[in-house]
Amino acid sequence: MPVVIVGGGIVGLSIAYGLLKTDQSVVVLDGAEEDFRASHGNFGLVWVQGKGANAPAYASWTRQSAALWQDYAADLLEETGVDVSLSQTGGIEYFTDAAELEAYVARLTQLRDDLGGDYPFDVLDREAVKERVPEVGEKVIGGVFSTMDGHVNPLKLLRALTIAVRKAGGDIFTGVQVVDIEAGDDGFAAVLKDGTKVDGERLILAAGLGALQLGHNLGFSMPIRPQQGQVLITEKLPYFLKYPSGTLRQVNEGGVQIGASKAEVGMIDSIDIPTVAKLAKHATDIFPHLGKVKLVRSWAALRIMSQDGLPIYQRSTKFPRASFVTCHSGITLSAAHARLLPDWILERNTAPDLSHFSESRFHV
Ligand SMILES: Cc1cc2nc3c(=O)[nH]c(=O)nc-3n(C[C@H](O)[C@H](O)[C@H](O)COP(=O)(O)OP(=O)(O)OC[C@H]3O[C@@H](n4cnc5c(N)ncnc54)[C@H](O)[C@@H]3O)c2cc1C
């Protein structure tokens, strides 16, 4: 019997791709177009700097994934012909406020100490930022550069994974809503809305916010919530921005992507003008010439956030062959999910230690 994966976003497909490489048979069940789908609305960063302040295990896991990305993207290109436009030339966080820069550097320094010194970043004064990116405006007082950071085209990544999974013999069913999961001695049955049952030896719940409706029967507590992010994109521009930041990047087609806001507004995934204006102001503070270009699109999407912002990798305590996987940095972690997570799912002794990311951390 196959491994059944509920959810065909970046997380579900990355895991499916990885499991197929270990010769498992895999079925992915993915819901409707109208579902909340972070994988279709994200910012596309493969980002390390600043992640995991106060949580070195997360910083290491993120870094491990970023380090796998070159090879991972090359494999996807070879197997599918889809270039996910990975660029890992490093990233810069730009600052217009000296106190904010100082606090940020203190956080990164602490993180570097927690990780035994292996955490490369350079603090740049205004002139050093200008040397790297001459277009920055007068308000920029400095920045932090790290070689660890980069970005991809997230929609191409989805496309590449979809092709790769199918090519490797995985089944992906789209437009199918799982309404229940039955667990028995021999495995699991994912029950679809039309009553069809899809049997599996193992089950992975990777349904993003959709997991909230499905996980309780399996004993997961699923401490996740939506967090809205709004994103803007400009018309195509001549290439100028070699270094992405957490809030600005020039995509491979030429537009500058601006975002993403963070708001606790429940399940609302529509944009609002004050947020769009704030994002646009931030962008023009850093790069004034963007004030003269057209915005061509804006959208909102919902992050899947745990209480502490870290991923959750949880095996069911009632049915150990069922796992719940979610994270708010599924692009960055896609390489780790494909390359390292399958061993954890299959309970092999080569599995990474993911004990820091279990749900039990929320129950103390
Ligand atoms: C604005 C924004 C910016 C972001 N920027 C970045 C970034 O720069 N870098 C980064 O690493 N991450 C970023 N993220 C996070 C990243 O997008 C997510 O971590 C990732 O997309 C989560 O993928 P997922 O597969 O878990 O969830 P989703 O993409 O939400 O996919 C869940 C899937 O499950 C399916 N589903 C749900 N319920 C059911 C059901 N009952 N039956 C069948 N199928 C079901 C849905 O149809 C959906 O396709 C960002 C997110 C947002 C919102």
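This is a predicted model: local features need pLDDT of at least 70, side-chain atom pairs count only at pLDDT 80 or more; totals for chains, interfaces and linings use all residues.
The domain assignment divides the protein into three parts, of which domain 1 is made of the segments 3-78, 154-223 and 308-362, while domain 2 covers 91-146 and domain 3 covers 225-306. Between the C-alpha centres of domain 1 and domain 2 there is a distance of 33 Å. These two domains touch through 11 residues of domain 1 and 15 residues of domain 2, and the area buried between them comes to about 950 Å², with carbon and sulfur atoms giving 58% of it. On the domain 1 side, the residues that lose the most area to domain 2 are Trp 47, Gln 49 and Arg 63, which together account for 53% of what that side buries.

The ligand belongs to another part of the picture: it lies between domain 1 and domain 3, because both of these domains give residues to the shell around it. There are 37 residues around the ligand, and those that come nearest are Asp 30, Asp 35, Ser 39, Gly 330 and Thr 332. Sorted by class, the shell has 17 nonpolar, 16 polar and 4 charged residues. Among the elements that each supply at least two residues of this shell are the helix α1 (10-21) and the strand β16 (295-306), and β16 gives the most, with 4 residues.

An N or O atom in the side chain of Ser 39, which was already named among the nearest residues, is 2.5 Å from a ligand oxygen.

Two places in the backbone remain to be described. Most residues other than glycine have a negative phi, and most peptide bonds are trans. Asp 23, however, has a positive phi of about 70 degrees although it is not a glycine, and this residue is found in the loop between α1 and β2 (26-29). The peptide bond from Gly 259 to Ala 260 is cis, with omega near -20 degrees, and Ala 260 has its place in the loop between β15 (255-259) and α6 (273-286).

Definitions and conventions: Residues are numbered from 1 along each chain as its sequence is written. Side-chain values use heavy atoms; hydrogens and water are left out. A residue is near a molecule or strand if one of its heavy atoms lies within 4 Å of it. A polar contact is a pair of N or O atoms within 3.5 Å; within protein, one must be able to donate a hydrogen and the other to accept it, and residues adjacent in sequence count only if both atoms are side-chain atoms. Ala, Val, Leu, Ile, Met, Phe, Trp, Tyr, Cys and Pro count as nonpolar, Asp, Glu, Lys and Arg as charged, and the others, Gly among them, as polar. Domain bounds come from an automatic or database domain assignment. Contact means heavy atoms within 4.5 Å. Buried area is the accessible area (1.4 Å probe) that two parts lose on being put together, summed over both.
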